[in-house]
Amino acid sequence: AAFFGPVARGNPVVDSFEAELRRVLSSLRRLRGAGETKPPQHDLHRHGANTLFNIWIKYKPRLPEWYYNERLVKVGDTLAQIKEYKLALQQCYERYLQQFVSLNLDDVMDNVQCFTSAFFPNGVRDKNAALMFHVLQARNVCIYQMVCSRDRNLQDRESLQTCLNALTSLRLTMQVALPQEDLCWLIYNGTIHIYTICRHLMVMGHSAKVLEYLLWASICMESSIPLLSVHYLTWRATLYTAVSQCYFDCQAGIHGEIFARRGLIKIDELKQLEDISSSLEHTETEKIFREATLKMSVMIFKRAVYESRKKSNGLRRESKVNPRKAVNVSWPRTTTERLLVAMFDGAAAQFLAILEALSDPSRNLLPPHPPVPDEVQIPEVTSELFSAGLEILSGNSLKKQNQLENIFVITAGEEGVSGDAAVKFVKLAFSYEEWNVFYSAFEFVDNFLQAQDDPTWKKAELELKLLTLLQPIVLPGRFERSFSITDGGKSKEGSTRRGSEKTQTIRSECCSESLKPGDPFRDLMILATTTFSYVSTFEQNVHPGKEILVEVVMCLWQKCKTELQQIQKSGSHCLEYIHKHQAYQWVHVLWIMNEIIEKSNIADTNVMFAEITLCLAAILENVADS
């Protein structure tokens with residue numbers, strides 16, 4: 001309370017005001033912590049909101065204006081921290097703003113002049129300007145978070161527009177504040193808010209709409225002198241990377257590379273200044289510059305690895321490396337690996353570059369498919385990238401370079417290839433139909449995941465096991481080749497018609513005794529029952545991600561849909577049809593699909609899930625009438 005001056009000490013009105021605020025905030029914290037598992041919680045929440053409303057009305061005429069306003073904003077910040085965004089917006093931030101602007105707040109966000117005259121009539125140097133800037137930013141954050149809570153996938157067009165409006169408002173706020181160096185904290189916070197919203201929209205496929213905002217955020221970091229220090233370089237490099245990624249998403253890779261090269265120049269300029277006068281430990285600054293440079297180099301490699309091959313179109317094509325003989329070939333073995341070695345030091349940096357070069361936001365996990373061969377060299381480069389990634393995961397690339405002796409490449413810490421990166425690599429191999437790599441990498445990654453205790457790793461382990469069960473369903477009979485996993489001087493070979501020995505074991509563990517090998521329904525039932533067991537047995541934080549659960553249910557539905565619709569059409573003869581055609585298993589899988597949808601809370605992610613539920617309801621009604 002001392003923060004608010006002498007009026008906050010010993011004043012009975014202030015003491016009463018603070019006590020009532022503490023009680024209502026404590027109550028809302030408990031409700032937020034308890035969740036919404038019990039129906040009475042809604043009434044308690046409404047009571048808390050009404051209590052807060054009455055506190056503001058009751059004490060506004062009895063407290064100094066400056067004190068009331070600062071508490072109004074402080075309580076709003078507290079509510080936002082406990083994710084009570086609607087309350088923070090309506091009961092705090094907008095209540096504060098409505099004291100100064102009687103118009104619709106969104107109507108004054110059209111241009112700088114209207115915005116400045118409405119919110120800063122005394123100029124941006126006024127003593128209350130900083131608080132106003134903070135409230136305007138916080139308001140937009142709350143609006144965005146409210147959109148996320150009701151429509152995370154932005155399926156409603158209005159949700160997308162609300163996010164874009166929030167970005168525009170954040171940009172306008174920063175534009176007015178930018179000339180004031182003492183408001184650099186607001187510029188920095190603004191870039192974080194813009195990046196958070198933009199990354200969400202990029203994942204949803206709206207990179208073209210957010211590019212201008214990410215560019216703005218990057219330029220703001222360069223335009224604020226206090227933010228040009230080494231301390232903020234890591235964040236600046238993150239913004240540069242997001243801009244480059246946006247260009248790649250928009251099929252403008254050349255501009256993505258140009259912007260990344262521009263970022264390298266900016267980093268080098270700062271490094272030269274830092275070499276003259278450094279206030280940080282030399283090792284610390286070296287690490288910061290190394291990480292920033294790596295981010296830019298990865299974005300350059302993302303295009304260069306393909307473009308360099310296109311330019312050498314007339315040259316003699318190199319023969320592919322035979323996996324069985326790879327152990328005897330010195331690293332780097334291919335053009336792609338030589339470029340990796342030339343641009344990056346160490347396995348972790350090389351692996352990161354490989355992941356970025358293979359990542360494509362337009363590519364979904366299902367259906368798996370090889371790269372579109374618009375250029376003859378593209379599939380070759382993709383295969384070389386996967387081959388290089390597998391060699392790094394196995395530790396062979398390091399052994400051949402004599403970098404390490406006892407190698408444990410995949411790690412949960414900072415050194416080596418991160419577990420997250422390794423999991424992503426296996427998923428990409430599945431997506432690209434690189435089955436040799438998929439099953440070989442799965443062996444390495446699964447061994448790592450099983451040795452971890454954290455729920456995050458257990459979740460990843462379950463997801464990869466589901467992929468091994470999906471493969472024979474989405475591409476039956478497509479994988480008849482043999483594979484080889486090199487391990488030092490040893491080579492393990494085996495048939496990969498159904499994957500590796502480990503994946504064979506996974507299938508046998510999941511399979512019902514009534515389903516014999518060769519039964520066409522066997523793989524479907526294994527996938528369905530395994531997925532159901534994962535969402536039923538484990539805690540919510542260990543469930544496979546919604547993305548892969550959606551893909552599993554959609555896959556099962558596509559495989560079963562025709563047969564289930566025939567059962568549905570049989571009407572009052574439903575039981576007779578099921579018995580005649582031995583169709584019990586199809587109905588069983590339909591029931592399992594419905595249970596997976598319900599237990600994993602994915603019903604709102606795809607409209608087709610309603611069709612699944614209606615189909616089950618119709619069949620059950622027909623059975624009842626039979």
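Let's start at Lys83: this residue is exposed, with a relative accessible area of 53% (exposed means over 50%, buried under 20%, and partly exposed in between, using a 1.4 Å probe and protein chains only). Keep in mind that this is a predicted model, where local features need pLDDT of at least 70 and side-chain atom pairs count only at pLDDT 80 or more, while totals for chains, interfaces and linings use all residues. Residues are numbered from 1 along each chain as its sequence is written, and side-chain values use heavy atoms, with hydrogens and water left out.

- Lys83 isn't a glycine, yet its phi is positive, at about 70 degrees.
- You'll find Lys83 in the loop between α3 (65–81) and α4; helices here are DSSP runs of H or I with at least four residues, strands are E runs of at least two, and both are numbered from the N terminus.
- Glu433, also not a glycine, has a positive phi near 60 degrees.
- Glu433 sits in the loop between α17 and α18 (435–450), and at 16% relative accessibility it counts as buried.

**Cis peptide bonds**

- Trp331 and Pro332 are joined by a cis peptide bond, with omega at about 0 degrees.
- Look for Pro332 in the loop between α12 (282–311) and α13 (335–343).
- Leu366 and Pro367 are joined by a cis peptide bond too, with omega at about -5 degrees.
- Pro367 belongs to the loop between α14 and α15 (377–394).

**How α14 and α17 pack**

- Helix α14 (residues 347–358) packs with helix α17 (residues 419–431) at an angle of about 40 degrees, and their axes are 11 Å apart (axes are lines fitted to C-alpha atoms, for helices over the stretch in contact, and angles run from 0 to 180 degrees between N-to-C directions).
- On the α14 side, Phe351, Ile354, Leu355 and Leu358 meet Ala421, Ala422, Lys424, Phe425 and Leu428 of α17, where contact means heavy atoms within 4.5 Å.
- By class, the contact of α14 with α17 has eight nonpolar, no polar and one charged residues (Ala, Val, Leu, Ile, Met, Phe, Trp, Tyr, Cys and Pro count as nonpolar, Asp, Glu, Lys and Arg as charged, and the others, Gly among them, as polar).

**The buried side of α5**

- Phe115, Ala118 and Phe119 are buried in helix α5 (residues 112–119).
- They're on the same side of α5 because they cover an arc of only 75 degrees around the axis, taken from the directions from the helix axis to the C-beta atoms.
- These buried residues of α5 pack against α4 (85–97), α6 (129–150) and α7 (157–177).
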